[in-house]
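Hello,

Here is the structure I promised to pass on. My notes follow below it.

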Amino acid sequence: MKKIAIFLCTLILLSVIPMSASTNPYPQAFWSLNDKYIAAQNAGNDADIVTYATQICALFEGRTDEIAVSILSSRYYELANAHDRLGNYEASGEAYEKSIPYFELLSNYGIDGSENIKIASTKAKLYESVLDLYRTTYGYQTYYGAINEKRMGVLYGVNHDGGTQEKMTGDSLVLIYQNFGDTSIIPFNKIQIAKAADEGCAVEFALNLPGEGADVTKVLSSTDYILTVIEMLNEVDTPIFLRFAAEMDVWTTQCAPADYIAAFRYVADLVHANTDHVAMVWSPTYASGWNINKHDFYPGDEYVDWIGVSLYLQTYFNARDNWSKQERIALPCFFGGDAAIPVKIMEDLISTYGDRKPFIISESGASHQWNKLNGQPVKIDTTSWAIHRLTAMFKYLPMAYPQIKAIAYFDKIMPNENCYFALDINPALQTSYLNLVKDDAFIQNSYDDEANATYEKLPDVFLAEQGITELRTMAIYYGKDNVTVTYLIDGNTVATSATLPYTVSVDLSKYAVGNHTLTIRATANGAVLGERSYTMSLAKAADVYVNGELLELAQKPVIVEGTTLVPLRAIVEKLGGNVEWINETREIIITDDSTEINLRIGSYDMVTNGETSTLLVPARLINSTTYIPLRAVSEAMKATVAWHGETRSITIDK
């Protein structure tokens with residue numbers, strides 16, 4: 001992990017204050033209101049600033065002349081700042097949003113409002129509340145066919161030398177570092193990469209430039225070294241993500257974007273020409289330097305296979321909490337403290353590249369202990385904060401952004417750190433992490449496998465089937481970490497959860513076929529934060545008949561990409577087969593008089609009497625029950641399968 005050095009600018013607020021009542025055109029009511037507004041500012045009375053700034057804006061709203069634009073930009077902005085200090089974050093975000101078009105118009109009059117626009121647009125997005133309903137599903141959400149891209153699921157793991165590595169079970173990714181130009185570490189890294197391959201792990205290989213921007217121009221004359229690295233990577237066929245020259249947007253020694261792009265493209269061309277299992281990763285940080293636009297360094301779609309990001313969640317930005325009132329205005333733009341909201345942080349990169357590229361969180365961490373604050377030695381425990389933020393990262397990101405298909409955690413203490421991210425020195429955080437990565441969205445045991453589930457954001461009107469359905473809610477309210485979500489159907493409470501992401505299982509078989517209203521309500525400390533209602537159109541779940549007999553299934557079949565998955569034991573045993581489950585490898589062995597079938601959870605391979613075939617959809621664990629592809633397994637057991645759409649039923653005959 002590189003130490004991120006970002007320096008907070010001191011923003012010069014634009015505030016045009018008319019000095020003479022003889023200047024026109026000012027509405028007559030403006031002058032007395034403006035006097036009260038200035039008095040409120042001088043007194044630091046935010047409630048009065050809100051009152052008078054709101055009334056002043058109403059006088060000029062809709063005008064685009066220079067005087068009106070000057071007044072509206074500054075007053076909306078100060079209205080937003082006052083709401084911010086009062087903790088009225090949604091109102092603050094709305095006022096920031098209203099200020100932006102007027103700051104943009106200032107350029108017509110020779111005034112640069114770009115810094116104000118940057119702050120206003122960032123905070124408007126941060127402060128906008130989110131209340132969205134998701135459903136656990138089993139189909140493929142996003143797939144671009146990029147090098148090493150999985151159709152479904154998130155690879156996960158830590159750095160190879162992290163203390164938690166020894167406690168990991170099922171991890172599918174390992175993070176390995178090497179400095180550009182260093183040949184001494186290659187023999188060691190060969191061993192680490194081979195070990196990862198033997199354990200079924202993909203490798204994120206971070207090839208850093210130790211001299212940052214000063215080393216960029218050396219890359220073009222380092223062909224032999226780059227080919228040596230490629231030769232090492234070619235010794236295994238495990239998927240490798242080559243993260244080259246990362247975090248360029250916070251380098252202490254900067255370089256011209258054109259020079260960076262040339263270096264990245266040079267490496268990418270060599271990699272693509274000489275490998276077929278190495279993906280090039282372009283990876284900025286979660287918060288660029290103030291005057292740096294990370295997108296200026298993008299090498300282009302032809303050269304970038306994956307988008308990466310270093311995503312560190314920190315309680316205190318820059319190890320300080322003694323920022324001045326003026327500095328605090330811009331502080332949330334660096335995503336520390338309450339602003340450390342993973343979904344919001346990722347929004348810019350996802351909206352820019354997420355329509356065509358998969359993503360890897362190439363480094364991540366949550367600060368759980370502070371050793372220095374405001375330049376002074378301290379010992380501040382922020383474990384609870386870290387657990388909450390880490391949960392938001394690992395639960396919400398796969399829900400909101402199916403483009404994110406790998407997450408690496410940096411599990412190591414670095415010299416002279418202001419705070420610790422390492423998991424292995426904090427049992428509570430480590431336990432939380434080890435539990436989080438067992439979510440059904442994460443790929444377990446091998447990069448060759450597939451996750452059990454993904455999550456579908458539901459529209460205002462959605463279809464559902466009778467039976468057990470797992471629901472989740474994304475509830476984000478700035479400054480509120482103690483949210484409870486209540487689920488109601490037709491006005492009656494059916495479930496409540498106070499644990500992010502507010503997962504509940506609802507039995508929809510109790511409700512009649514037809515339309516129902518499903519409502520989610522977010523509260524904190526007894527106060528309603530928000531509420532949203534959906535129309536749920538309920539259909540009959542499919543019935544399954546084996547040899548003419550209706551099976552009473554506790555869990556109904558699910559359809560994934562046109563393939564029907566059914567509960568394993570209920571079907572196989574009814575067909576006269578036996579089932580053996582091997583927990584260590586998550587392997588299923590099905591036998592009958594003439595057939596042996598081998599499957600593994602998440603694997604596309606099915607072996608029947610020694611012959612391997614490829615499944616369209618692998619076996620999965622759904623609500624702790626093993627589901628198998630119905631047609632493939634039934635036909636392997638010499639049964640016939642038919643779907644009857646008019647009665648929504650499946651018949652299996654042997």
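Two strands count as paired if DSSP finds at least two bridges between them. Keep in mind that this is a predicted model.

First sheet. Four strands form an open sheet in the order E13-E1-E15-E18, and the pairing is antiparallel. Strand E13 (454-457) and strand E18 (504-507) are the edges, each pairing on one side only. On average, neighbouring strands are turned by 40 degrees against each other, direction ignored. Helix H12 (residues 383-400) packs on this sheet. H12 touches strand E1 (130-137), E13 and E15. The direction of H12 makes about 105 degrees with that of E15.

Look next at the pairing of E15 with E18. Strand E15 (residues 468-476) and E18 run antiparallel and are joined by four bridges. Ile 468 stands opposite Asp 507 in E18.

E23 pairs with strand E24 (residues 563-567) in the antiparallel sense, over three bridges. Val 560 has Thr 563 in E24 as its bridge partner.

Cysteines. With a cut-off of 2.5 Å between cysteine sulfur atoms, the count of disulfides is zero. Are Cys 57 and Cys 255 buried or exposed? Buried means under 20% relative accessible area. Cys 57 is at 1%, so Cys 57 counts as buried. Cys 255 has 15%, so Cys 255 is buried too.

Best wishes

How values were computed
Residues are numbered from 1 along each chain as its sequence is written. This is a predicted model: local features need pLDDT of at least 70, side-chain atom pairs count only at pLDDT 80 or more; totals for chains, interfaces and linings use all residues. Side-chain values use heavy atoms; hydrogens and water are left out. Buried means under 20% relative accessible area, exposed over 50%, partly exposed in between (1.4 Å probe, protein chains only). Helices (H or I, at least four residues) and strands (E, at least two) are DSSP runs, numbered from the N terminus. Axes are lines fitted to C-alpha atoms, for helices over the stretch in contact, and angles run from 0 to 180 degrees between N-to-C directions. Contact means heavy atoms within 4.5 Å.
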